[in-house]
Amino acid sequence: MHPDVSADLAELATTLETVETVLDVEELRSRLDDLPVLYELAEGEEGDDRAAALADADAERAALRADIEAMEVRTLLSGEYDQRDALVNIRAGAGGVDAADWAEMLMRMYIRWADKHGYGVEVYDTSYAEEAGIKSATFAIKAPYTYGTLSVEMGTHRLVRISPFDNQGRRQTSFAEVEVLPVVETTDHIDIDENDVRVDVYRSSGPGGQSVNTTDSAVRLTHIPTGIVVTCQNEKSQLQNKVSAMRVLQAKLLERKRQEERAEMDALKGDGGSSWGNQMRSYVLHPYQMVKDLRTEYEVNNPSAVLDGEIDGFLEEGIRWRMRENQNQ
C-alpha cells in the first residue's frame, strides 16, 4: 500500500478513537478496517481493472473521511438542547419581492438538506407573498441533533443577484432572517396561562393570497405578555393547527427564557453578550459566484449546490467556530 494511503488511514483511525468514546461508531470502524483490504485487492489487479479498483478504494476513503469528520463534529454538540429536533423560522427582510423570493429559496435549501440526510420535515405555517415567494415560514426538521447542528444558521442571510423581477436587469441585494429553536419536550417547564393567549381563527391562504380552505381552520396565537405572535395553517383542522401553533409558541418562549438567562450571565461577566447571530452569510450570484460565511470565513464557489442543500461544510465550520468562541469567553 502506498505510504500516503497508510498515513491517511492511520490519521482516520486516530480521529475515530476520539469519537468512539461518545458515539456508536461500529459501522465506521468496520469500513475503516475494510479499506486496506480494498487497496490490496486493487493492487492485485492489472490494467484498467486495477485503475478502476483503486479509484473505488479512493472514493470510499474520501467518503469515510467525510463521515468520520461529520461524526467528530457531532461530539461537539453538548449543549442542553443540542440533541433535539429543530424548529426553523424564516422571515423575508429588506428587499421587497426579491426578499420574499429569497426567503422561499432558503426554505427550500434547508428542506433539501433534510431530504439529503433522510430527515423528516413538518411544515407548520407558510405565509405567501403577493407577487412571489413567502413572507415567512415555520417548519420542524425531525432528527436527533438537528437543533444543535442548525443553530449556527441563526442570523441574517444576504443574497446578491440580478433580480428576476426587475425589467431593467439590475443587481439587487436581499435579506432574510433565519431563527432556529429547539423543539419543546414534555420535560420543559414552560407554563402558559390560557388567559395570556389570544386565539384568532381565519381562512388559510395559498400563493398570491388565494384561499385554500373553505373553513376558518388557520390559527393565530398572540401571547399578550410578550407580544409573540404565532400562526399555523398547514394542518387540516383548526384543532390540529392550534396544537401545532402552541408547540411553536412554547419553543419561542423557551428560547426567550434562555436569552434572558444568557443576558444575565453576560451582564455578570461584563462582556455585553455576543452579536454573532446577526448578518452571518453572503450568497453572491452576480457579478461572481460565491457563498461565504462572515464568521468562519468558510466559502465555496458553487452557490447552486449550496442552495440545493449542500450546506454541511458551513454547518461543521460553524459548530467548530462556536466551540472556539465559547472557549474564549
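At 1.5 Å a residue, the 22 residues of helix 4 (residues 96–117) should span 32 Å; the end C-alpha atoms of helix 4 lie 33 Å apart, which agrees. The expected span of a helix is 1.5 Å times one less than its number of residues. Helices (H or I, at least four residues) and strands (E, at least two) are DSSP runs, numbered from the N terminus. Gly118 follows helix 4 and has a positive phi, near 75°.

This is a predicted model, in which local features need pLDDT of at least 70 and side-chain atom pairs count only at pLDDT 80 or more, while totals for chains, interfaces and linings use all residues. Residues are numbered from 1 along each chain as its sequence is written, and side-chain values use heavy atoms, with hydrogens and water left out.

Two strands count as paired if DSSP finds at least two bridges between them. Strands of a sheet pair through backbone hydrogen bonds, either parallel or antiparallel.

Inside this order, strand 4 (residues 155–162) and strand 5 (residues 171–182) pair in the antiparallel sense over eight bridges. Here Arg158 has Phe175 of strand 5 as its bridge partner.

Val284 has Met290 of strand 10 as its bridge partner. A hairpin through five residues joins strand 9 to strand 10. The loop between these strands holds Pro287. A cis peptide bond joins His286 and Pro287, with omega about 10°.

Next comes the step from strand 10 to strand 11. The two run antiparallel and are joined by two bridges. Lys292 has Glu299 of strand 11 as its bridge partner. Strand 10 and strand 11 also form a hairpin, with five residues between them. Glu297 lies in the loop between strand 10 and strand 11. Its phi is positive, near 70°, in a residue other than glycine. At 46% relative accessibility, Glu297 counts as partly exposed. Buried means under 20% relative accessible area, exposed over 50%, and partly exposed in between (1.4 Å probe, protein chains only).

Tyr145 is found in the loop between strand 3 (134–142) and helix 5 (146–150). With a relative accessible area of 22%, Tyr145 is partly exposed. Most residues other than glycine have a negative phi, and most peptide bonds are trans.

Axes are lines fitted to C-alpha atoms, for helices over the stretch in contact, and angles run from 0 to 180 degrees between N-to-C directions.

Helix 8 also meets helix 3 (residues 47–74): their axes come within 10 Å and cross at roughly 35°. The crossing of helix 3 and helix 8 is left-handed, a term for a near helix turned anticlockwise from the far one by less than a right angle, with right-handed for clockwise. Helix 3 makes the contact through Glu69, Ala70, Glu72 and Val73, and helix 8 through Glu316, Ile319 and Arg320. Contact means heavy atoms within 4.5 Å. The residues of this contact divide into three nonpolar, no polar and four charged. Ala, Val, Leu, Ile, Met, Phe, Trp, Tyr, Cys and Pro count as nonpolar, Asp, Glu, Lys and Arg as charged, and the others, Gly among them, as polar.

Helix 3 has 28 residues and reaches 41 Å from its first C-alpha to its last, close to the 40 Å expected at 1.5 Å a residue. Ala57, Arg61, Leu64, Ile68 and Val73 of helix 3 are buried.

The other sheet is open too, with three strands in the order 6-7-8 and antiparallel pairing. Strand 6 (197–202) and strand 8 (228–232) stand at its edges, each with a single partner strand, so one side of each has no neighbour in the sheet. From one strand to the next, the twist averages 15°. Strand 7 (residues 218–223) runs antiparallel to strand 8, joined by five bridges. There, Leu221 stands opposite Val230 of strand 8.
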